[in-house]
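This report describes how parts of a structure pack together, within a chain and between chains. The sequence and the model come first, and the description follows.

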Amino acid sequence: MRNVALSILAVPVNLLICFSFGALFLRLLRQKLSFCLAAVLGFFVMLIAFDFCCLPVMLKWRPLSLLTVIWAVLSAAAVLATVFIYGNTWKSFFSELSEELRAHPLPYIVMAVLVLLQIVIVALSYEFTLDAAYFVANVTTSLTTNTLNIYDPYTGDWLDHFEFRYFFSTYPLHCAVMCSLFALNALSYMKIAMSAFTLLLSNMMYYLIGRKLFGEEQWKCAAMLVFAGLMNFFFSSIYTPSEFLLTRGYEGKALLGNVVLPMIMYLGILFYENTGLLARSAMLFAVCAGSTVLSNSANMLLPAAIAVFFLPVIIKNKSWKTFLGCAVSVLPNLALVAAYVAYVHGKFVLYTYPR
Amino acid sequence: MQGLDIAEAGLSYTFRCIKLYSGASFYLALFFPAVIFLWFYAPKTFRAWFAYPALVMLLTIFNPLLPVLIDRFFDVNNEFYRFLWAVPVVITVSASLTVALGLGRTPGRRVTVFLSSCCFLIALGSFVYRDGFIPAVNSYKIQPEVLAVSELIHADSDVEYPRAICDFDMEMEIRQYDGKILLAATREEYLNALSGTEVDENIAEKQKHPNRILKVVALEEELPVEEFQESLEETGTEYVVLSGRSPLLPYLERAGLKEIGSTPARVIYRYTLKERTPFELADYTDVWEAQ
């Protein structure tokens, strides 16, 4: 019961942290605060911030407990900074939010019930997947040994070097840190809290795209979410992102397929407006850089997805600034691909002990 | 992708990949019809948002030449299907159905369109729980057997980190729950043993002992007892967890293993190592002080 309660609590806490990072980022870009955009964008900003905290700790072979303290302080600082920086704006933000909810109660109730229903179904189901033997076991291993990627998740043996394929994908270590903060086991956190959180972010993406497509017609957004939810439950083979969303939502790949790629499409739509290019390029950069933390697959997939969604924008708007924004955004992904190729060819090794 | 090789399939790879990717669902086939529907029935702004990227996808992701070209530089056999993730099937089809819904002029017509759209999606899809919904029985969302096996091993062992080898399902799950149980074989070694995949000579030599153990545990081969014991000694494996119905149980007893307990579906055996070096976590204190 304790595990379930803490897993449920972890979802709003994660949401609050993401929202705070996102709100700060939107303020930095001088953009209007929007709840869904701040939460989704904040997720990527948070991952980048986490990577910056995690990598030096990992490279110095320091313990997970140290990273937990650093991350707790930074997260708390982000939440407090958001509260203070937005200051008087909160009143109008919440009154706008409640006005919106009161003006269209039915669509929002439908959307909330729909998301909740999906979360409950996923949380109650048992799934056996081979990838969990790495992802969940990695979190469990980090918690048991109080280390960061120094032991093999499959066997528990000490590794003499960091597995570079997963070196920058520190998302499992973020999960380990959150488990430490909540005093929660890896299985409950990942299979309940993170699966639910991925579903939540994915539906927020559908909502953001729906709002862009249908404007103030909230009932259409609700209908789109219903169709999308239904499709996810019926678009099932072992390869589809929908299957990842419902059976292993805690994996970085599930977030890649169901949050990152819809976000790229959403930003592509925004870029057609050909305004605020700098701010939107910064958002695109955050999504690309944040995705490197989720999964190594992002490094190959993101440049391809950006080409698909942004090539028409660049041609239609004849905008070299958009091209430049895209080119800079995929740099982190391409740099990591290059680093990985160099690692595979034996150009360097990152050891887990001083040499 | 399972059983699919770009070099072998050539230009037909993309089509075969799409077939495997879709499984029993027809949603991917709905993508282009949905884009065409939006072109004609949605506001003009939708054209740029949906049709133009779809055109680029047609020339790239759906282009049979692409995997053949990429394969010359990178081995993408296992990952190529992920390019299909960039095709926003769920968003495009659900957006087109919503537009169709908006075309209904009366509430009655909208309800009809909504219900028929849902039926249409259900009919063309493949339900994620088609093999049955298996409810989780505990907050760990794991087989209760895992908890019981872990408890039995730790109750019997006098070291903090005992090493075990288990049947496939248990092997894949036990370290998700219990990081203090070490395993004698990695996931890849296990999968290679089951599928009979041959590995490089150097790797095979390195994996000699885990592979011998897996021959017994995973492939149910009865190796000479001395060889099995040697590999248990070399890997420091003390516990063997197998199904209670395994035909190997008498063999394990002949090899000197003793039953220490059982769960409803499994039996746990212990092998007494002649030489034992208990596993200890690496101590980095000196390194930190030097830093």
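In chain A, helix H11 and helix H12 (residues 277-294) pack with their axes 10 Å apart, at an angle of about 170°. H11(A) and H12(A) are therefore roughly antiparallel to each other, since an angle over 145 degrees counts as such. The model is a predicted one.

On the H11(A) side, the residues that meet H12(A) are A:Gly252, A:Leu255, A:Leu256, A:Val260, A:Met263, A:Ile264, A:Leu267, A:Leu270 and A:Phe271. Their partners in H12(A) include A:Leu277, A:Arg280, A:Met283, A:Leu284 and A:Val287. By class, this contact has 13 nonpolar, 3 polar and 1 charged residues.

Chain B holds a helix pair that can be described in the same terms. Helix H9 (residues 168-177) of chain B and helix H10 (residues 187-195) of chain B have axes that come within 11 Å and cross at roughly 170°. That angle makes H9(B) roughly antiparallel to H10(B). From H9(B), the contact takes B:Phe168, B:Glu171 and B:Met172, and from H10(B) it takes B:Arg187, B:Tyr190, B:Leu191 and B:Leu194. Of the residues in this contact, 5 are nonpolar, none is polar and 2 are charged.

The next topic is the interface between the chains. Here 89 residues of chain A are in contact with 87 residues of chain B. The area buried between chain A and chain B is about 7,800 Å², and carbon and sulfur atoms give 70% of that area. There are 32 residue pairs in polar contact between chain A and chain B, counted with both residues at pLDDT 80 or more. Several helices of chain A give two or more residues to the side that touches chain B, among them H1 (2-28), H5 (105-124), H8 (186-214) and H13 (298-317). H9(A) gives the most to this side, with 12 residues. By class, the side of chain A that touches chain B has 58 nonpolar, 19 polar and 12 charged residues.

Salt bridges occur both across the interface and within a chain. How many are found across the interface of chain A and chain B? The rule finds 2 salt bridges there, and the count over all chains comes to 24. Two salt bridges are listed below.

| Salt bridge | Distance, N to O |
|---|---|
| B:Arg187 and A:Asp131 | 3.2 Å |
| A:Lys32 and A:Glu96 | 3.4 Å |

A:Lys32 lies in the loop between H1 and helix H2 (35-59) of chain A and A:Glu96 lies in helix H4 (residues 89-103) of chain A, so the pair ties together parts that are 64 residues apart in sequence. B:Arg187, which bridges to A:Asp131, is also one of the H10(B) residues in the contact with H9(B).

Conventions:
Residues are numbered from 1 along each chain as its sequence is written. Chains are lettered from A and ligands numbered from 1 in the order in which they are written. This is a predicted model: local features need pLDDT of at least 70, side-chain atom pairs count only at pLDDT 80 or more; totals for chains, interfaces and linings use all residues. Side-chain values use heavy atoms; hydrogens and water are left out. Contact means heavy atoms within 4.5 Å. Buried area is the accessible area (1.4 Å probe) that two parts lose on being put together, summed over both. A salt bridge is a side-chain nitrogen of Lys or Arg within 4 Å of a carboxyl oxygen of Asp or Glu. A polar contact is a pair of N or O atoms within 3.5 Å; within protein, one must be able to donate a hydrogen and the other to accept it, and residues adjacent in sequence count only if both atoms are side-chain atoms. Helices (H or I, at least four residues) and strands (E, at least two) are DSSP runs, numbered from the N terminus. Ala, Val, Leu, Ile, Met, Phe, Trp, Tyr, Cys and Pro count as nonpolar, Asp, Glu, Lys and Arg as charged, and the others, Gly among them, as polar. Axes are lines fitted to C-alpha atoms, for helices over the stretch in contact, and angles run from 0 to 180 degrees between N-to-C directions. Angles under 35 degrees count as roughly parallel, over 145 as roughly antiparallel, 65 to 115 as roughly perpendicular and the rest as oblique.
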